[in-house]
Amino acid sequence: MSRGAVRVLRLGLRPYAEALRAQERCVEAARAARLAAAAAAVPGESVVLSEPAEPVYAWGLRGGPEAEAAARLRRRGAGLAAVRRGGRITFHGPGQLLAFPVLDLRRRRLPLRGYVEALEALVLRLCRRFGLPAARALPPPFTGVWMGDSKLCAIGVHCGNHITSHGLALNCCTDLTWFDHIVPCGLEGKGVTSLSRELGRHITVDHVLEPFLDSFQEVFDCTLVFSEDPGD
């Protein structure tokens, strides 16, 4: 992987739709940087970090819930979102870290499967920093990071013209009962967990941000530039 600068956008507690819009601006910036003569001087890659402000169920290109199931989820007070990524339905909400890396895989000479494995390696490093050496990554279709038979971190990505979007959702202090109403990621018989549950203490998204970024720098061999907007 090539060393370079990656812009970090820390959105904090925001609606899921706002994080998606910030991600799309980053994708456009990455495309523009690839074409620009001065691309090497301007960070074209980004990572958008946020914590969903409200509960939402999101699904990828493999399909979402039937109409009756969707109505049931809405009655529970959750939003619904169809997004352009791999994977089936999952939950996003408060207490969860969403990370949307926007990276140029062509520049990095990194295949898509290798990129997904890098995201898993990033979260495994984070888990070791928190004292969870038993965290593991499994082969497809069990993409993500697991503690036993329970998923700690879900991964679902999109890649268009070698530029990535979407990414990972790490349960920090998420209310896991929201997952009871779906089959998370379409995997029957599997559970979900959080850093707080595994460590036996309250771990917030804010607790995770710095070690997450340290792990990100190590795995993607980059320097980080902090920014308020992808157009900076």
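Cys 127 is buried, with a relative accessible area of 0%; buried stands for under 20% relative accessible area, exposed for over 50%, and partly exposed for what lies in between (1.4 Å probe, protein chains only). The model is predicted, so local features need pLDDT of at least 70 and side-chain atom pairs count only at pLDDT 80 or more, while totals for chains, interfaces and linings use all residues. Residues are numbered from 1 along each chain as its sequence is written, and side-chain values use heavy atoms, with hydrogens and water left out.

The cysteines may be taken together. A disulfide is a covalent bond between the sulfur atoms of two cysteines; here it is identified as a pair of cysteine sulfur atoms within 2.5 Å. By this rule the count is 0 disulfides. For Cys 127, the closest cysteine sulfur belongs to Cys 153 and lies 7.9 Å away, too far for a bond. Cys 26 is likewise buried, with a relative accessible area of 0%.

The aromatic rings come next. One of the pairs, Phe 91 with Phe 179, is edge-to-face, at 5.5 Å centre to centre and with 75 degrees between the planes. This pair links distant parts of the chain, 88 residues apart: Phe 91 lies in strand β5 (residues 90–92), Phe 179 in the loop between β10 (163–171) and β11 (191–192). Helices (H or I, at least four residues) and strands (E, at least two) are DSSP runs numbered from the N terminus. Both Phe 91 and Phe 179 are buried. A tilted pair is formed by Phe 216 and Phe 220, with 4.9 Å between the centres and 45 degrees between the planes. These two residues are separated by about one helical turn, because they stand 4 residues apart in helix α6 (residues 205–220). Phe 216 is buried at 0% relative accessibility, and Phe 220 is buried at 0% as well. Ring pairs also join Tyr 57, Phe 91, Trp 178 and Phe 179 into a cluster.

In the loop between β11 and α5 (195–199) is Ser 194. Ser 194 counts as buried, at 3% relative accessibility. Leaving aside residues up to four places away in sequence, Ser 194 touches Leu 152, Asn 171, Cys 172 and Leu 176, contact meaning heavy atoms within 4.5 Å.

Helix α2 (residues 67–75) has Ala 69, Ala 70 and Leu 73 as its buried residues. They lie on the same side of α2, because they cover an arc of only 100 degrees around the axis; the arc is that of the directions from the helix axis to the C-beta atoms. What covers these buried residues includes β3 (56–59) and β4 (79–82). On the other side of α2, Ala 67, Glu 68, Arg 74 and Arg 75 are exposed. After α2 comes Gly 77, with a positive phi near 95 degrees.

Notes: Phe/Tyr/Trp six-rings, centres within 6.5 Å; stacked < 30°, edge-to-face > 60°.
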